[in-house]
Amino acid sequence: MRWFETLRDELLEKGLVKVKLKDLRLKEFEEISESLGKNLVTTKHVLNEKRTVQELSNNGLFGDGDVEWHHDWSYGRGNYFGTILYNVKNAHLSPTWFCDMSKAPKELKEQYRGACGTYAPPQHLHDTCFTPKQLRILEKQKISRDFVIKHHVTGEEILYCSFGTIGDHDWDIRPIREWVEENAVMHEWEEDDLLIWDNLKMNHKRVAFEGERLLWRTQFII
Ligand SMILES: [Fe+2]
């Protein structure tokens, strides 16, 4: 058994896993990603032959503006709810904030039981992340998700609200935002950092930065 094959269990238990890996090569990153679940094959900013590893940079995918609180893959079908990210260069220029939504208080969950949001890719990602065809499909799908969801593997109850990708709705979501802001934890990126998180649980955001910042990313099925 290879050392990284325990990461999937750790991820399901904790929601967010941090590992230090010096001079990680693309091939090793690919192997770790594949041990976590089926990888999403994508089109833009890909680095490997299998088209599963994407480059996130200040001048490519997710530029240098603010990235609002969100859950990755909120607007997509299938269970691509895992994200793995490696600091290739200068990730420290902008910390990432996380909030574990399975820890939301019962009363807050009750307030939104039965409520539902629809999700689509936000305008600012249109040109950088997707081809016109992918966009047409995602917008047509209009994925809807309940605010209170049950994790399909762990069974935990989660308060789900992806602020950056939610469409028109009639719900007052300010109380959720307040709780998220109060309970967020900041990850200050250091050299050799590899982060893996469960997007059903982990709401996350990043603020604007200046400079050259480079990370590798793969999304995978949980
Ligand atoms: Fe994200």
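Tutor: Helices (H or I, at least four residues) and strands (E, at least two) are DSSP runs, numbered from the N terminus. The model is predicted, so to speak of a local feature pLDDT must be at least 70, and side-chain atom pairs count only at pLDDT 80 or more, while totals for chains, interfaces and linings use all residues. Residues are numbered from 1 along each chain as its sequence is written, and side-chain values use heavy atoms, with hydrogens and water left out.

Student: OK, where does P105 lie?

Tutor: P105 is found in the loop that runs between β5 and α3 (106–111).

Student: And is P105 buried, partly exposed or exposed?

Tutor: With a relative accessible area of 26%, P105 is partly exposed, where buried means under 20%, exposed means over 50% and partly exposed is in between, using a 1.4 Å probe and protein chains only. Although P105 and W179 are 74 residues apart in sequence, their C-alpha atoms are 9.1 Å apart in space.

Student: What about β5 itself, mostly covered or mostly open?

Tutor: Strand β5 (residues 96–100) is mostly covered, as four of its five residues are buried.

Student: Which strands does β5 pair with?

Tutor: Two strands count as paired if DSSP finds at least two bridges between them. Strand β10 (residues 185–187) pairs with β5 over three bridges in the antiparallel sense, and there T96 stands opposite H187. Strand β12 (residues 202–206) is also antiparallel to β5, over five bridges, with C99 opposite N203 and D100 having M202 as its bridge partner.

Student: What sheet do they make?

Tutor: They belong to an open sheet of four strands in the order β3-β12-β5-β10, with antiparallel pairing. At the edges are β3 (67–70) and β10, each with a single partner strand, so one side of each has no neighbour in the sheet. From one strand to the next, the twist averages 20 degrees.

Student: Which helix lies across those strands?

Tutor: Helix α6 (residues 174–183) lies across β3, β5, β10 and β12, and runs at about 115 degrees to β5. Such angles, from 0 to 180 degrees, are taken between the N-to-C directions of axes fitted to C-alpha atoms, for helices over the stretch in contact, and contact means heavy atoms within 4.5 Å.

Student: New topic: what is the order of the five strands in the other open sheet?

Tutor: That order is β1-β11-β4-β13-β2, and the pairing is antiparallel. The edge strands are β1 (16–20) and β2 (54–57), each pairing on one side only, and the twist averages 25 degrees from one strand to the next. Within this sheet, β4 (residues 82–89) and β11 (residues 193–198) pair over five bridges, and G82 stands opposite D198. Helix α1 (residues 7–14) packs on the sheet, where it touches β1, β11 and β13 (214–220), and its direction makes about 135 degrees with that of β1.

Student: Last one: where is N48, and what does its side chain do?

Tutor: N48 sits in the loop between α2 (26–36) and β2, and it counts as buried because its relative accessibility is 10%. Its side chain makes a polar contact with the side chain of T52 at 2.8 Å; a polar contact is a pair of N or O atoms within 3.5 Å, and within protein one must be able to donate a hydrogen and the other to accept it, with residues adjacent in sequence counting only if both atoms are side-chain atoms. Leaving aside neighbours within four places in sequence, N48 is in contact with L26, E30 and V53.
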